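This report looks at selected helices and loops of a single protein chain. Please keep the sequence and the structure in view while reading.

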Amino acid sequence: MSSGSNSLMWFRKGLRIHDNQALEYAANNSTHVYPVFVIDPHFMKPDPNAFSPGSNLAGLNRIRFLLESLVDLDSSLKKLGSRLLVLHGEPTDVLIRCLKEWDIKRLCFEYDTDPYYQALDRKVKNYASESGIEIFSPMSHTLFNPSEIIEKNGGKPPLSYLPFLKLAGEPDWSISSLSVIPPIGDLKNCEVSEVPTVKQLGYEDIHEEDPPLFKGGESEALRRLQESTNNKEWVANFERPKGDPSAFIKPSTTMLSPYLKFGCLSSRYFYHCIKEIQKEVKNHTSPPVSLIGQLIWRDFFYTVGFGTPNFDRMRGNAICRQIPWNDDDELLAAWRDARTGFPWIDAIMVQLRKWGWIHQLARHSVACFLTRGDLFVHWEKGRDVFDRLLIDSDWAINNGNWLWVSCSSFFYQYKRIHSPISFGKTYDPTGTYIRHFLPVLKDMPNEYIYEPWKAPLSIQQKAKCIIGKDYPKPVICHDDASKECKRKLAAAFKLNKKLNGVVSDEDMKELRRKLAEDQGEGTDSGRLKQKLI
């Protein structure tokens, strides 16, 4: 391709200047570069019927973070002599119109493995190919190319970490850099705008009691990266799953996940920085528990998600165990809205709704409670709540973690349950975390902060918190519910093993019938729910 042509740089994730292969390619081979982001109503249009402020699919915290990231990207582009061109509408329609209007000869965008973007990309690629437009779509959101890993593994993704690690080996790439971008050409009839505010999108900018935990954008991502890597000993000795899920004033993690999700921070650049520190600090942790190991876990889930049809559901998913989950919207709503009556669980769900982020072990606690630990509600329903409320929600990782924690795939030790009472006590015996996010319990004595229903009425009155009035009674008896969950999972695991994972609707119906028959009177989930402590 000779110089003097027009390129369109389509931003979706990869909202950064540093280590952006697609942007670098566009800049080095064109006379004019059009940097474009499309406001997709699918994700951005307010949904008045949703359970929290936001669109049909994304909560307001994530939408606000994305807009802040776009403002920062626009600022960075302006420093390089360009700007971000924001357009509104269905992305493929908008892109195809721009390709025509601007006489684009080269279309550049970061490859995305998410099914939604795969569908968009096919339509845009088809048009571009038919029109003789060059397409440059590098795999730069992950450390490795999922397609290559799958090919090395005989056409299927590896389903456990160590085989994945062996197949992946060491990454083979260099960090790209950029110092100037060619100017934007004639915009013609395409209507472009500045980055909109949440108000301009139709939202009320809700005032929160706690200041936002995250500010979107590459500049903030690089600042936090610098801050995290200043303590080289901490980076070198990082070991998951260690960490305190109740630490909220200074969380015990890098807090970089939202920036990786949106590509404000290159995972490859992050990997490079950690490797440089490990050269200096010889004694360091190793995968899977190290920080490098966490980035590889991210690639693992991306690869499995990319190579597994119907990865985001139970039915039709070859790697997912078929389990007769309860379809109980009442219990789901109690969990989602922090009304379970278990302070540790409810405090986590309040933090999730307010901050759009919770510690990984906190995620495990509430996901286990909803699914295999207590309520036996389908993991897909919990996944949807997380997908809406988490700023860092990532299709592959969110689905992978819910499959894991619910013992639907990857993990099989269903008898290992995170207690909604004792697990939190281990980290925060005085309940500081609970008192912050559930102020109704702030005066409850330490002795009862995790089990307030056990407090005598006189203690409840003194704490100005009457259980059943000011704070809910528990929706289930944990001991009974967890035993029931284990019974159902044992039967489901047995059936899945017997049928080699090929469980039909009729098989599932028969399993439900048998479980109900064996259960006896008075102990089904509906009655368990009524059996308040």
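## An enclosed helix

Against which helices do the buried residues of α17 pack? In this predicted model, they pack against α5 (115-130), α12 (291-307), α13 (329-336), α15 and α16 (379-389). Nine of the eleven residues of helix α17 (residues 395-405) are buried, so the helix is largely enclosed by the rest of the structure; among the buried residues are W395, W402, L403 and V405, together with N398, N399 and N401.

Just after α17, C407 takes a positive phi of about 60°, although C407 is not a glycine. Most residues other than glycine have a negative phi. C407 lies in the loop between α17 and α18 (422-427), and with a relative accessible area of 0% this residue is buried.

## A kinked helix

Helix α15 (residues 360-373), one of the helices against which the buried residues of α17 pack, has 14 residues, yet its end C-alpha atoms are only 17 Å apart, short of the 20 Å that a straight helix would reach at 1.5 Å a residue. A kink of about 35° is centred on A367 in α15. Since 13 of its 14 residues are buried, α15 is likewise largely enclosed by the rest of the structure.

Q278 lies in helix α11 (residues 267-280) and is buried, with a relative accessible area of 11%, which is under the 20% cut-off. Leaving aside its neighbours within four places in sequence, Q278 is in contact with H284, T285 and I292. The loop between α11 and α12 is also the place of P288, and the peptide bond from P287 to P288 is cis, with omega near 10°.

## The pairing of α21 and α22

Helix α21 (residues 478-498) and helix α22 (residues 505-519) pack at an angle of about 140°, their axes being 11 Å apart, and α21 passes α22 in a right-handed crossing. On the α21 side, the contact is made by E484, R487, K488, A491, A492 and L495, which meet D507, L511, L515, D518 and Q519 in α22. The residues of this contact divide into five nonpolar, one polar and five charged.

N500 is found in the loop between α21 and α22. The phi of N500 is near 55°, a positive value in a residue other than glycine. Whereas C407 is buried, N500 counts as exposed, at 68% relative accessibility.

Terms used
Residues numbered from 1 in each chain as written. Predicted model: local features only at pLDDT ≥ 70, side-chain atom pairs only at ≥ 80, totals over all residues. Heavy atoms only, no water. Axes fitted to C-alpha atoms, helices over the stretch in contact; angles between N-to-C directions. Helix = DSSP H or I, 4+ residues; strand = E, 2+ residues; numbered from the N terminus. Left-handed = near helix turned anticlockwise from the far one by under 90°. Contact = heavy atoms within 4.5 Å. Nonpolar A, V, L, I, M, F, W, Y, C, P; charged D, E, K, R; others polar. Expected span 1.5 Å × (residues − 1). Bend = angle between axes of the 7 residues up to and from the residue. Buried < 20%, exposed > 50% of the residue type's maximum accessible area, 1.4 Å probe, protein only.
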